[in-house]
Amino acid sequence: MIACLQGKLIYKSPEQVILNVNGVGYQVHVPLTTFYELPDLHQEVLLNIYTHVREDCIHLFGFLTSSEKEMFLRLIEVAGIGPKLAVNILSGIRAEE
């Protein structure tokens with residue numbers, strides 16, 4: 001499992017970022033709260049990662065703070081809330097709130 005990634009931010013949008021880690025580009029889904037705090041392109045960033053594995057794909061979800069990742073993990077424990085919905089929930093409210 002990938003727990004964190006540190007690398008150069010080569011693409012960012014409100015839904016996802018791409019981190020270049022030693023020549024490998026990782027696509028990482030992020031909530032808006034993380035997106036707004038990201039540095040400029042081509043700057044280093046460290047993201048806490050949740051790796052979601054399904055039969056047909058592997059998705060990475062990234063968070064700038066450990067508290068945001070912890071709240072994400074609590075949300076996906078709730079029946080009916082998957083990782084993408086949890087990211088959408090965190091996009092509307094900060095983990096501290």
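## A quick tour of the model

Start by selecting Arg54 and Asp56: their side chains meet in a salt bridge, 3.2 Å from N to O. (A salt bridge here is a side-chain nitrogen of Lys or Arg within 4 Å of a carboxyl oxygen of Asp or Glu.) By that rule the count is one salt bridge. Arg54 is partly exposed at 45% relative accessible area, while Asp56 counts as exposed at 58%. (Buried is under 20%, exposed is over 50% and partly exposed lies in between, with a 1.4 Å probe and protein chains only.)

Before you move on: this is a predicted model, where local features need pLDDT of at least 70 and side-chain atom pairs count only at pLDDT 80 or more, though totals for chains, interfaces and linings use all residues. Residues are numbered from 1 along each chain as its sequence is written, and side-chain values use heavy atoms, leaving out hydrogens and water.

Next, click on Leu64, in the loop between strand E5 (58-63) and H2. (Helices, H or I with at least four residues, and strands, E with at least two, are DSSP runs numbered from the N terminus.) Leu64 is partly exposed, at 29%.

Now show helix H2 (residues 66-76) with H3: their axes come within 9 Å and cross at roughly 130 degrees. (Axes are lines fitted to C-alpha atoms, for helices over the stretch in contact, with angles from 0 to 180 degrees between N-to-C directions.)

Last stop: Ile93, in the segment after helix H3 (83-92). Ile93 is partly exposed, at 36%.
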